[in-house]
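Biologist: Please walk me through this one. Keep it simple, I'm new to this.

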Amino acid sequence: MASPVVIKKEKVDEPRPSPSADAGEGQTEAEIECRMIELMGEFPKGINDKILETDMPNVDKKVKVAILNRLLSQEKVNIFRAAVTKELFWCLKQQPTSKLKGVDSEEKIVMRIIEEAGNKGIWNRDIRTKSSLNQTTLNKILKALEGKKLIKSVSSVSAAKKKVYMLFNLQPDRSVTGGSWYSDNEFESELVDVLNQQCYRILQQKAEGAKQKPLEGPLIVRNASFLSSKEICQIISDLKIVKFNLTVEDIETILDTLVYDGKIEMSSTTDGYSDGQVKTYRTVEKILSSAGIVRIPCGVCPVIKMCGTVGAVQPKNCVYYDQWLD
Amino acid sequence: MPPFTLGHFSQVCCQLLNHYFGEIVGQVGAYLLRRGHRPLFDIPCATGLSIAEVKKALAVMIQHNLVKFEASERNNNIAEYSIIHHNVYCLLRYPKYLYMIKRIYGTSEEILLEILLNLGQASASNVIFQSANRLKEANDDSEFSDPSALHKSFLKLAQDNFIIRCPKLADNANIQKVPTLEVEEKEKFTVPHLEIGPIAKLLKENATQLGEHGDSEVIWRVNHERFDVELRNVILVNAAARRVDATAGELYHLILKLWRECSNPDSPTTNALSFNVIKDAVRKNEGSSPVLLEHFEQYLRVLYEDTSSLIIKVGDAGGGQFVLNYSTVFENLACATLDSIVLERFGSKALRLFRLTRIQKFMEQDQMQNIAMIPAKEAKMFTYKLLEHNFLQIKELKKGTSNFAPVKSFILFHVDLPQVARTALEASYKGLFNAMVRQMHDLTDNKRLLDKHARLETLLETLRGEGLPEDELAYLSDSMTAAEKSLVSRIHSMNDHLTLGQTQADDTILILESYLKFSSMT
């Protein structure tokens, strides 16, 4: 008689993997996201579609797009368009996004523009053109950000009324504050004059010292009266006239004004120690003590153009001559 | 004829002619300065003088090398007279010439030069004769000084080119109505053979005039160009002494002498001197200080490395070749003069701006105030003041082209050195003229008082010589009150002050004129 036949049923592999969930080697969405972030770390300049294709060929385009959009909204990545090929690139955002929590998107745009300006700061009108925001909205946002101590305004020395905005913890650039010679946007002319006289006196003393030994010859005397700008900077810093640190460039600007006064001359020599040229300075006498013409009143007369043989201003009754001849 | 249409230089010349030669010569001179070349018959019509006076005035001026004549272009038979401007101006410098000659040589040469300046043009024998007379009077000697010593001095002056032969009548002069004068190049400084014997004889006889003498055809005059070179050298040596020290000045003086001996005086650059030649000269010179001998190479090196271009090294042959380029060194001196004028008139900040613009050639207003480190308001004020007085000039560069909108333009400041030098030169002439006018005015105002004082002084001198007792002299001198005497002394001191001022103004004029002359040569 016949026994019943049992047929084993086995699961049959599907010919194609389903688009949802299971993909390729069984990656989940989170794993794809992690892989993308890894890739963006490997290519800090950005990844584009091609790189994603080669890396994860099995992932569906819709999945990639969804993940990337999520990353964008989470502010973890930035999207750029390449200039030449017009391709889209994604790259990791460099800065931590933690401090921007709690601000809304318009403020984020303004913050990004100000950040980009770096330590030179950016003007109110320029922010408006870049962000295309309304003037009143922009002012509200700027006040809010200032209140949150995220940005600050610095008044520029070139135009006193103009304010530039920059991030709170940045030092303003020299072109804005004017450098060491400006304090509170005022040019400190007395400080410059004091330093001017001080440098000249230092160089004079050096020359005097050099002249004390005339027997060694004029060449030695001349070379001994040179001082380099670094040495002068050192001497002035030791005198503690200024409260802030004087750099060699600052001293060189002062020494340049002395050169233009005609009191000192500069020569560039190569120093044995450092590479490149070292500027050295020494006092020089003018080749003419004073022009002969300035020793008579006519040489410095303020009304010389009106002076003549007739009229109110004449040499015969000139008051300046009267004073000079007494 | 009021000189209000004459330029400042011509006014100065007028004033000098009036002062030294009197009014008639002054008037003729002013007319010629105004009009240039004029024949004889124009002058009396314009000046209102008689023709005899005009002829005499012209003769005096020609004798003193102030006027020259040449045949007119339109009509060969008429002579036109014109003023030699430089020689008239050099009337101012005669005291300087005497001082220089005394410093370089000695008293006998100074007397020779003084006599020659007084005579204008004279033959060698005449000059020697008159100088011997003058020395005799001054020394109150009954014995005369030997004229052969004076002859030697004359030769020295001719050798160093301080005096030069005047042109004589050309060979074909007899056939022309207007004679031409010429002199050969190589004969300009050669002294002809003089006969001292007759001069000595006349001196013994206390004669006042030298009669006929052998070389009366050979006439000499003062060589103004040579004296100008000497005056310039003084300025250069002072500059060298200021820059380094007095020994460097000594060395530079020697080198200038060597350059003068080997180069053409009219060229803007001297010929090159080699190091060895200079070294030999230093060693041979008896007056060299021991410091100079010891450190000679160092001094030379310091001088040619200096930025004032007093010496320029052009090559290495013979240990080093050195030249002097007059145009660069006088440019530096002219710049120093202009700097000094700006400093005294406007202040040190203005000087800084002026030098900055001059050194950097073209600058914008903002750049100027940043580099010069002067506050903005002050910088602008000084810049525009300098612009107003023509020390700075403006160049405008337009940026962009547009037919509608106003175009932004750059305004650049620069210093046009020849122009500024010419302005300063004119101002100096004006200052000099003013000083002269003031001096003349002071003297004429107080003429009566000064004359009385002079008469009194001469009277006292003669009476003292004749042995009058002191109390009588004191009685006479009381005829002038103490106040008058103090006034007279005050007038004298004012006069000296003004003369000194004129000399100093002349220094500036020399530097600026030399700069303009040499810069136009190159």
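Modeller: First, some terms. Axes are lines fitted to C-alpha atoms, for helices over the stretch in contact, and angles between N-to-C directions run from 0 to 180 degrees. Helices (H or I, at least four residues) and strands (E, at least two) are DSSP runs, numbered from the N terminus.

Biologist: And the ground rules?

Modeller: This is a predicted model: local features need pLDDT of at least 70, side-chain atom pairs count only at pLDDT 80 or more, and totals for chains, interfaces and linings use all residues. Residues are numbered from 1 along each chain as its sequence is written, chains are lettered from A and ligands numbered from 1 in the order written, and side-chain values use heavy atoms, without hydrogens and water.

Biologist: OK, at what angle do helix 17 and helix 19 of chain B cross?

Modeller: Roughly 70 degrees, for helix 17 (residues 348-360) and helix 19 (residues 376-388) of chain B. Their axes come within 10 Å. So helix 17 of chain B is roughly perpendicular to helix 19 of chain B; that label covers 65 to 115 degrees, while under 35 is roughly parallel, over 145 roughly antiparallel and the rest oblique.

Biologist: Which residues make the contact?

Modeller: Contact means heavy atoms within 4.5 Å. Helix 17 of chain B brings B:Lys349, B:Ala350, B:Leu353 and B:Phe354. Helix 19 of chain B brings B:Glu378, B:Ala379, B:Phe382, B:Thr383 and B:Leu386. They divide into six nonpolar, one polar and two charged. Ala, Val, Leu, Ile, Met, Phe, Trp, Tyr, Cys and Pro count as nonpolar, Asp, Glu, Lys and Arg as charged, and the others, Gly among them, as polar.

Biologist: Switching to sheets. What is the strand order in chain B?

Modeller: An open sheet of three strands there runs 12-14-13, with antiparallel pairing. Two strands pair if DSSP finds at least two bridges between them.

Biologist: How many bridges join strand 13 to strand 14 in chain B?

Modeller: Six, and strand 14 covers residues 409-414. In one of them, B:Glu396 partners B:Ile411.

Biologist: What about a sheet in chain A?

Modeller: Three strands form an open, antiparallel sheet in the order 4-6-5. Strand 4 (122-123) and strand 5 (151-155) of chain A each have a single partner strand, so one side of each lacks a neighbour in the sheet. Helix 6 (residues 135-147) of chain A packs on this sheet, touching strand 5 and strand 6 of chain A. Two bridges join strand 4 to strand 6 (residues 163-167) of chain A. A:Ile122 has A:Tyr165 as its bridge partner in strand 6.

Biologist: What is the mean pLDDT of chain A?

Modeller: It is 76, and 80% of the residues of chain A reach 70 or more. pLDDT is the predictor's confidence in each residue, from 0 to 100. Over residues 17-26 of chain A it is below 50. Where pLDDT is low, the predicted coordinates should not be read in detail.

Biologist: And chain B?

Modeller: Its mean is 86, with 96% of residues at 70 or more. For the complex, the predictor gives an ipTM of 0.82 and a pTM of 0.80.
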